[in-house]
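The sequence and structure come next, followed by the terms and the findings.

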Amino acid sequence: MAEHDMVDVIRAKRDGGRLSDSQIDWVIDAYTREQVAEEQMSALLMAIFIRGMADDEIARWTDAMIRSGERMRLEFDRPTTDKHSTGGVGDKVTLPLAPLVAACGAIVPQLSGRGLGHTGGTLDKLESIPGWKASLTAAEYRQQLEDVGAVVCAAGDTLAPADKKLYALRDVTGTVDCIPLIASSIMSKKIAEGADALTLDVKFGSGAFMREYADAEQLARTMVALGTAHGVRTASVLTSMENPLGRSAGNALEVAESVEVLAGGGPADVVELTLVLAREMLASVGISRDPAEVLASGKAMDKWSEMIAAQGGDPSAALPVARERHDVLAERDGVLAGLDALSVGVAAWRLGAGRARKEDPVSAVAGVTWHAGVGDAVRRGQPLLTLHTDDPARFERALEALDGAVRLADPGTDVTQQPLVRDIIRP
Ligand code: URA
């Protein structure tokens with residue numbers, strides 16, 4: 001591989017140029033091997049943040065990140081299809097979705113991460129189930145895919161290792177919310193995972209990385225193009241994260257809500273999104289079963305129990321609950337016009353549900369539940385939100401985060417809900 005001078009690479013991007021393929025291959029490889037100083041990579045990331053990247057440049061950068069590790073091969077007698085969400089508040093959809101799609105006949109390999117900041121991580125949620133373990137060996141992973149058809153587990157160190165280092169550096173240099181860097185980060189891991197097809201849930205609004213719809217759409221199109229170019233059938237569903245999803249944010253709280261969905265109940269928005277994503281995942285691999293029917297039949301719940309038990313969890317064990325609760329009451333009669341997703345996410349995080357640094361522990365029981373959805377009438381004095389934690393000293397800062405989060409309209413106002421799914425982008 002040709003050698004380059006890192007200062008030349010930084011200058012080229014600083015001045016708005018396109019990095020050459022050879023420069024990109026060298027930067028990613030040298031940085032992964034710890035041959036590029038953190039301060040130099042920080043400067044390059046900031047230059048990319050400000051100057052952006054051309055489409056073919058993003059493609060090469062993603063390619064180099066995939067090649068920093070192993071690209072897995074998944075060969076089974078059934079098609080493999082995965083889903084990834086760009087992250088939102090109360091977004092527990094992977095939990096009912098993975099067993100549902102497996103119960104419809106596909107294989108769902110989901111190598112997942114932990115939460116950072118105000119959006120929860122799927123592994124953190126599942127770890128609130130007594131006995132469940134996130135780490136599997138490569139052999140256990142393949143065996144569970146073969147036997148059960150669905151796995152949600154921690155990604156090993158060989159999957160796009162460049163991303164682990166780059167993501168940690170972006171987190172401390174203010175360079176996370178940058179379309180080329182988000183797209184390459186997500187797609188390098190997902191392409192390396194080896195599934196035949198991928199459905200992306202790209203969120204926009206207050207609780208999402210992308211506040212603006214136009215930015216989310218650009219991210220969605222960029223990722224569909226990257227997946228397609230690598231032979232992975234990729235589609236992006238654009239969904240609103242203005243209000244949090246479902247009725248709970250927090251690890252065990254979200255598992256409980258997911259089990260309600262699998263049991264045929266649960267909040268309508270979680271059910272809707274689960275079914276939209278399931279239809280997309282199944283269509284992408286040519287399976288025509290109706291996921292609504294499979295959900296109603298109880299087969300997805302059976303699959304969930306198998307999936308949890310295969311990773312040491314007890315699906316029938318009681319989930320842990322918080323020792324302390326605090327209700328937030330409605331100050332007047334009215335109609336719930338909005339509940340700010342970011343505020344709820346930050347409150348759940350401050351109660352202990354999330355981490356500020358990747359080594360921090362998370363609380364299984366902490367979080368927020370809300371008792372009305374947008375458009376519902378509420379009465380003065382009625383509990384609107386409940387805060388859950390083992391550590392009551394955390395209530396004050398969580399309540400500060402919720403200041404102004406609830407928007408009440410006058411009684412009788414017709415509050416029209418924005419559609420949850422705004423668009424679906426296919427190749
Ligand atoms: N999720 C990722 O994996 N990477 C990003 O950059 C943002 C969200």
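A cavity is a set of points, on a 1 Å grid over the protein atoms alone, where a 1.4 Å probe fits but cannot get out. A pocket is an open set of such points with protein on both sides within 12 Å along at least five of seven lines, and lining residues have an atom within 4 Å of a point. Grid points are joined across faces, edges and corners, and a volume is the space filled by probe spheres set on the points. This is a predicted model, in which local features need pLDDT of at least 70 and side-chain atom pairs count only at pLDDT 80 or more, while totals for chains, interfaces and linings use all residues. Residues are numbered from 1 along each chain as its sequence is written, and side-chain values use heavy atoms, with hydrogens and water left out.

**Largest cavity**

- Two cavities of 30 Å³ or more are present in the structure, and the largest has a volume of about 120 Å³.
- Its lining consists of 18 residues, and H118, T119, G120, G250 and E254 are the ones nearest the centre of the largest cavity.
- Helices and strands here are DSSP runs (H or I, at least four residues, for helices; E, at least two, for strands), numbered from the N terminus.
- At least two lining residues of the largest cavity come from each of α11 (251-262) and α15 (341-353), and α15 provides the largest share, four residues.
- The lining of the largest cavity comprises five nonpolar, 10 polar and three charged residues; Ala, Val, Leu, Ile, Met, Phe, Trp, Tyr, Cys and Pro count as nonpolar, Asp, Glu, Lys and Arg as charged, and the others, Gly among them, as polar.
- Domain 2 (81-310) and domain 3 (324-409) each contribute at least three residues to the lining of the largest cavity; the domain bounds come from an automatic or database domain assignment.

**Second largest cavity**

- The second largest cavity holds about 40 Å³ of space.
- Its lining is made up of L336, L339, W370, A372, L384, L385 and V406, that is, seven nonpolar, no polar and no charged residues.
- β8 (334-339) and β11 (383-389) each supply at least two residues of this lining.

**Second largest pocket**

- α12 (268-284) and β8 each give at least two residues to the lining of the second largest pocket, and β8 gives the most, four residues.
- By class, this lining has 14 nonpolar, eight polar and seven charged residues.
- The second largest pocket lies between domain 2 (81-310) and domain 3 (324-409), because both give residues to its lining.
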